[in-house]
Amino acid sequence: MKKHPLSFSSVASVLSVAFALGLSGCSANFGDVSTASTQTAMHIQGVVHGGQQPISGSHVYMYAASTAAYGGNGIAPTSGATGNASTSLLTAATGNPADTNGNFYVTTDTFGDFDINGAFACTSGQQVYLYSTGGDPQLAGTGVAGTPNPAASLLAVVGDCSSSAFPGVTSVAMNEITTMVAAYTLAGFATDPLHIGAPSAVTGHALSGTGLANAFTTALNVVDQASGTPHATFPDNNQVTVPVESMNTAADFLAACINSTGASSSGCSTLFANTNNGTAPTDTATAAIHLAQNPTSNLNALLNLATNASPFQPFSTSAKTLALTLNYSGGGLNQPEAIAIDGAGNAWVANSGGNSVTGISSNGTYLSGANGYAGGGINIPDGIAIDGAGNVWASNFQSNSLTKLSNDGAFLSGANGYTGGGLNGPGPIAFDGAGNVWVTNTEGVSMTELSSTGTVLSGANGYIGGGVNGAFGVAIDGSGNSWVANLGENSVVELSNTGVFLSGANGYTDGNLFDPFAVAIDSSGNAWVVNFGGNTVTEYSNTGAVLSGARGYIGSGLSEPSGIAIDGAGNVWVANSGHNTVSELSSSGTIVSGTGFYTDSSLSEPFAIATDGSGNVWVTNSQGNSVTEIVGVAAPVITPLVAGLPVVPTKDGSSNLGTRP
């Protein structure tokens with residue numbers, strides 16, 4: 001059997017070694033200097049295409065994402081309700097017509113061109129997108145003309161209505177590619193095209209606005225808004241690759257409906273039937289959102305919609321998933337293992353092969369330069385976590401130390417990092433609600449606790465006993481208790497925040513534990529453990545009762561699982577190093593990623609996994625020297641992990657871990 005590089009038998013050996021303003025840029029900025037809602041003269045020109053043919057007579061709307069709730073209020077747009085729906089921005093100032101709901105629009109001409117040249121209400125910080133409905137797809141070569149397709153709807157992300165100077169002319173293309181990219185990146189915030197948003201204007205939900213803004217930025221990095229074609233790499237980082245073939249394939253699904261006479265056509269009926277998430281879509285933009293939210297479902301049927309005659313080439317004839325997977329290389333990534341997400345949505349990676357830490361910003365650039373942050377005692381870093389102040393902590397297996405960095409790369413723990421307290425081959429690390437850091441000692445059969453300033457709190461030798469042996473994964477619950485996966489003892493140990501062993505002399509040993517490797521805690525205080533050797537996931541209640549049955553959760557795709565994370569809906573994400581895949585489980589342990597699971601050519605012995613505030617899933621590829629970002633497939637979650645923990649411990653271990661911001 002293939003062995004993971006960090007299986008227990010080899011731990012010691014391995015560890016000892018915003019779019020174009022005009023035609024360029026990453027974001028669109030428009031508005032005036034005022035932060036108040038103002039009437040802002042703007043001139044956006046663009047084109048609406050379906051199947052790369054113009055759509056005439058289409059209604060083009062401009063909306064700002066809701067700031068009141070996730071996905072607005074979920075009321076179907078046909079109901080005429082406004083509530084928490086996206087905000088219509090166009091006004092009647094230049095004679096724009098309005099629909100039956102009172103929302104203004106412009107209409108495309110014979111060539112599919114539209115011109116927004118008037119006043120609209122715009123507030124700095126609003127996230128803006130365009131939405132087109134209906135029109136005549138002008139089916140090329142069919143002789144069909146003048147037949148509107150009410151099922152044809154498209155999306156295009158515009159960006160932040162910021163206070164930066166707005167240029168005289170901005171060009172925006174709307175087609176199936178821009179629609180799918182908008183759907184993928186905004187999947188965690190959308191119910192349908194008229195209900196996209198996050199409760200960023202609600203007290204206590206500032207992080208949700210950050211996640212939403214980051215999602216818009218990602219969209220602008222993936223697609224060229226002027227041409228409507230996907231970028232092969234990010235405009236500001238050519239070491240981030242975009243899966244163009246997958247984007248083309250998904251776009252061809254939409255084109256099969258748009259390039260038809262309407263919902264009764266075979267293209268539309270096949271698309272809608274196979275993107276039914278409990279509510280069948282009746283338009284292509286909603287179908288795109290449903291597909292992005294479930295990119296492993298019904299693919300065999302959907303793939304029949306993409307043919308050699310389809311408008312977007314090349315396309316895939318077989319796929320287990322059509323998720324939008326971005327691959328990051330360079331930036332010092334070298335046998336990347338641990339990964340953590342900060343409050344701004346930046347990803348931080350420990351490079352055990354490069355003796356460095358790489359910071360990936362929320363806009364896809366490298367915060368840490370070409371080689372990552374090195375020095376400060378970083379030596380075969382194996383664990384990484386973010387504290388409440390946004391500082392980055394890395395555990396150094398080789399030098400038996402912890403390094404603390406500011407988020408701009410300044411070393412805060414001296415030239416050699418924090419030492420002492422029994423640190424011996426330190427592995428994964430986690431913070432509790434009091435700001436203290438807990439570290440597993442893979443070679444010291446102990447746990448070490450340090451304060452936020454590096455003071456040892458666990459004595460000279462760390463916390464010893466309770467079955468701690470070959471400790472690797474660690475996570476903290478809402479009670480402040482640490483849950484530790486003991487790779488060497490096939491057990492899970494629970495310690496109180498004062499270092500008292502709560503799980504007996506030998507830890508919890510039931511639940512079919514077999515090489516338990518990593519741990520994550522949900523909002524109820526339950527501990528989820530991946531079993532590297534058993535190809536299973538075990539769930540414990542906060543009191544140590546097994547919730548996953550005698551065999552644990554098993555299912556398609558689980559293969560040498562080595563990393564685990566929980567998203568904002570309580571769903572569980574697992575990195576499978578054995579099959580180069582990612583599995584998703586529901587909060588009840590059901591495999592929801594199906595037999596297809598998430599896979600991509602960029603996944604190469606995926607090791608650690610994390611979810612972010614935009615609903616993206618991040619995976620380190622320990623043998624690929626890269627990081628894969630699966631865009632929009634998860635529910636947005638509070639980051640960093642410590643931000644989900646209460647300052648005052650709860651009695652039942654409950655917390656805001658695994659909940660939306």
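Me: Why is Ile 380 called buried?

Reply: Buried means under 20% relative accessible area, exposed over 50%, partly exposed in between, with a 1.4 Å probe and protein chains only. Ile 380 has 1% relative accessibility, so it counts as buried. Ile 380 sits in the loop between S21 and S22. Its phi is near 50°, a positive value in a residue other than glycine.

Me: Before we go on, how do you know how far to trust the coordinates?

Reply: This is a predicted model, where local features need pLDDT of at least 70, side-chain atom pairs count only at pLDDT 80 or more, and totals for chains, interfaces and linings use all residues. Residues are numbered from 1 along each chain as its sequence is written, and side-chain values use heavy atoms, with hydrogens and water left out. As for pLDDT, that's the predictor's confidence in each residue, from 0 to 100. The protein's mean is 89, and 89% of its residues reach 70 or more. Over residues 1-40 the pLDDT is below 50, and this stretch has 131 contacts in the model beyond near neighbours in sequence (contact: heavy atoms within 4.5 Å). Residues 74-82 are also below 50, with 13 such contacts. Where pLDDT is low, the predicted coordinates should not be read in detail.

Me: What makes Asn 580 partly exposed?

Reply: Its relative accessibility is 24%, so by the cut-offs above it counts as partly exposed. Asn 580 is in the loop between strand S36 (572-576) and strand S37 (581-585). Phi is positive here, about 55°, although Asn 580 is not a glycine.

Me: Why is Ser 368 called buried?

Reply: Because its relative accessibility is 7%, Ser 368 counts as buried. You'll find Ser 368 in the loop between strand S21 (356-360) and strand S22 (381-386); strands are DSSP runs of E with at least two residues, helices are runs of H or I with at least four, and both are numbered from the N terminus. Leaving aside residues up to four places away in sequence, Ser 368 touches Gly 331, Val 357, Thr 358, Gly 359 and Tyr 373.

Me: How do you know which residues of the H2 and H4 contact are nonpolar, polar or charged?

Reply: Helix H2 (residues 176-185) and helix H4 (residues 244-258) have axes that come within 8 Å and cross at roughly 115°. Axes are lines fitted to C-alpha atoms, for helices over the stretch in contact, and angles run from 0 to 180 degrees between N-to-C directions. Residues making the contact include Glu 176, Thr 179 and Met 180 of H2 and Asn 248 and Leu 254 of H4. Ala, Val, Leu, Ile, Met, Phe, Trp, Tyr, Cys and Pro count as nonpolar, Asp, Glu, Lys and Arg as charged, and the others, Gly among them, as polar. On that basis the contact divides into ten nonpolar, two polar and one charged.
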